[in-house]
Amino acid sequence: MTSITASRSSQLGATTLLTIVILALAWFVGFASRLFAIVRFESIIHEFDPWFNYRATHHMVQHGFYKFLNWFDERAWYPLGRIVGGTVYPGLMVTSGLIHWILDSLNFHVHIREVCVFLAPTFSGLTAIATYLLTKELWSPGAGLFAACFIAISPGYTSRSVAGSYDNEGIAIFALQFTYYLWVKSLKTGSIMWASLCALSYFYMVSAWGGYVFIINLIPLHALALIVMGRYSSRLFVSYTSFYCLATILSMQVPFVGFQPVRTSEHMPAFGVFGLLQIVALMHYARNRITRQQFMTLFVGGLTILGGLAVVVYFALVWGGYVAPFSGRFYSLWDTGYAKIHIPIIASVSEHQPTTWVSFFFDLHITAAVFPVGLWYCIKKVNDERVFIILYAVSAVYFAGVMVRLMLTLTPAVCVLAGIGFSYTFEKYLKDEETKERSSAQSTNTKDEKLYDKAAKNVKSRVLFDNVSCPVSVCNAADGEETAVSGNVRTVISIILVIFLLMFVVHATYVTSNAYSHPSVVLQSSTSNGDRIIMDDFREAYHWLRENTADDARIMSWWDYGYQIAGMANRTTLVDNNTWNNSHIALVGKAMSSNESAAYEIMTELDVDYILVIFGGVIGYSGDDINKFLWMVRIAQGEHPKDIREENYFTASGEYSTGAGASETMLNCLMYKMSYYRFGETRVGYNQAGGFDRTRGYVIGKKDITLEYIEEAYTTENWLVRIYKRKKLPNRPTVKEATIPIKGKKAAQGKNKKGVIRTAKA
């Protein structure tokens, strides 16, 4: 007995050690695979939103947390400004600041920028551990290890967590997975402690990312599904009630969230499930204390009355303005054309477009094909916690199809279910045949002992079925037992699965290296012989603004570049990536879409000093402002339909073009003039005519562009960023001599040729 115990403890120790080693390797590989941008370029913040996050974090580290919450940023949204503490999720900044403070306390003095750059790769390891814990609770430790390894390098998650991608999603996916793990744990145990920890994890998620709404709707959906399936239990009541009460109170402590959990329609389903759970609990309590007829009357009548009353109260609160109706972002998730019609600023963002099939394979690879297998296994062996992953997978697949950005929420579910699929399959195909036969024999003996009186009937049914002999393996499969598979087939299938896994590793590394490890502020190209060319036009332009403009200069650009201008140039911007004020953005879009004189009036009203545009016609950069221009027109038309009409910018055949067939409105608008000024006399290639646009692939429609109200201030080396200065026109226009004829006699003058003052007649 002692030897058996010692053997089991040694096996447990070896399994624990192996698990720790695999998770550590997953953390290391996930961290290392996200450093391509650092190795190839430098330690720099990527993209657009991360620049504001870095600027806000730097301000918090310098001035403290409370001054950060009360920080009024006068360099944003001129002349409105922005109260940062009330318009930002502070979890990302607080996390970086805490890590920086701990390192300083340990005498590891690191600049806050380096903490921001390496934060997302570091949290990728924590996400792998959280995914392991969740999958372990749902299925088995082996499936958890598969899932952890998948999410550590999955391109769908790597796209938002490479080094330098200092965005909210870098830490939010860890909080998402850890919250789900704690929810499943609390449901399985019915413990208030686990439910409280789940609420704390949810609070961290709320402070980090607006995607917390997905959690606060998925968990109530899970509770509702369990009630409908007849799986209500006291564990469900304790876990959900404790979680909802604590989570709601804690989430309201985030200034940006405030009273939204009790005053917005997106949070009302969670409250409705909370109320329904109280009713169901009361019914279960009363079931054994009243007659069946009384119970059915109370249940049906009470539920109908309370449900109808709840609906009436909800609509009354919405009508009275106490509860906000569903937002436009909510409707855009269910109607893909809603945003383009009603909220064009949402539809203008590339990551809000519907997902293509190629994107699913690109970001998920083999896991996209295997995760339905894991989903089927969970459906086949369903229990309370597996209902959760089923709902998670189905809802995440739908939302990821509607919006490409939400691939980020689908990736964890795919990794979990793919881990279950691979683990269960490998477990069946790599299991030792002798062990399987021994366990099968033991189970058969046990079954025979319990069902000895039915043995003859079972044998008869196995041998004859309508006078046709039945193979034992087929009969076993018909009775729900596993069909025997030859060793050769098992070996071949296992080798194929291993090859698929290796292909996934190669694909994930390639995609991370070539697609997701290029900072947007630094562009890379290559010559015909393979030499690398670095185009640093963005930082060149921002450095020029910082060194050659006044400290209070106001820069007008499209909202995409607002955060970068404020972060790198340290200059005041009119609009930025926060996009909270659609009217202000529409006014900038109107200025870009109008002719030069009308645009000058708008720029004068907004005190604009410089205008910045992105032009890719020289180097073939497709993300320039000309390609985004139609969205500026649409957003401006939404607020100023009398002045801006989208059809006026199309050719006679209804196409969008800046070439020979472009409309007069297009050729005379401010955006066209600023992009193509002096471009007509420029040759981009030996065999190309002057004014040939590499991005659009044709010669521009108007080459002799003159500017009257603005002047060129600076153009970067590759013409990627162009900066113009608004001219300071005189208050009064000068009248040219002899342009207005004056009739009548000249006034008499004295000898000194001065006017004579005459007294008025009485």
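This report covers salt bridges, aromatic pairs and charge-over-ring contacts in a predicted model.

**Salt bridges**

The model holds 26 salt bridges.

| Lys-188 | Glu-137 | 3.1 Å |

Lys-188 and Glu-137 form a salt bridge at 3.1 Å. This pair links distant parts of the chain, 51 residues apart. Lys-188 belongs to helix H9 (residues 169–189), and Glu-137 to helix H6 (residues 112–138). Lys-188 is partly exposed, with a relative accessible area of 34%. Glu-137 is buried, at 10%.

The bridge runs between strands: Arg-722 is in E13 (residues 721–726) and Glu-712 in E12 (residues 710–715), ten residues apart. Arg-722 is buried, with a relative accessible area of 0%. Glu-712 is partly exposed at 27%.

**Aromatic pairs**

The whole structure contains 54 aromatic pairs. One of them, Phe-146 with Phe-422, is stacked, with 6.1 Å between centres and 15° between planes. Phe-146 lies in helix H7 (residues 141–153) and Phe-422 in helix H22 (residues 407–429), so the pair ties together parts 276 residues apart in sequence. Phe-146 is partly exposed at 24% relative accessibility, whereas Phe-422 is buried at 1%.

Phe-362 and Tyr-516 make an edge-to-face pair, because their planes stand at 75°, with centres 6.1 Å apart. Phe-362 sits in helix H19 (residues 357–364). Tyr-516 sits in the loop between helix H26 (487–514) and strand E5 (523–526). The pair therefore ties together parts 154 residues apart in sequence. Phe-362 is partly exposed, with a relative accessible area of 30%.

Ring pairs also build a cluster. Its members are Tyr-180, Phe-214, Phe-326, Phe-330, Tyr-331, Trp-334, Phe-388, Tyr-392, Tyr-398 and Phe-399.

**Charges over rings**

Arg-532 places its charged end over the ring of Phe-41, 5.7 Å from the ring centre.

Methods:
Residues numbered from 1 in each chain as written. Predicted model: local features only at pLDDT ≥ 70, side-chain atom pairs only at ≥ 80, totals over all residues. Heavy atoms only, no water. Salt bridge = Lys/Arg side-chain N within 4 Å of Asp/Glu carboxyl O. Helix = DSSP H or I, 4+ residues; strand = E, 2+ residues; numbered from the N terminus. Buried < 20%, exposed > 50% of the residue type's maximum accessible area, 1.4 Å probe, protein only. Phe/Tyr/Trp six-rings, centres within 6.5 Å; stacked < 30°, edge-to-face > 60°. Lys NZ or Arg CZ within 6 Å of the ring centre and 35° of its normal.
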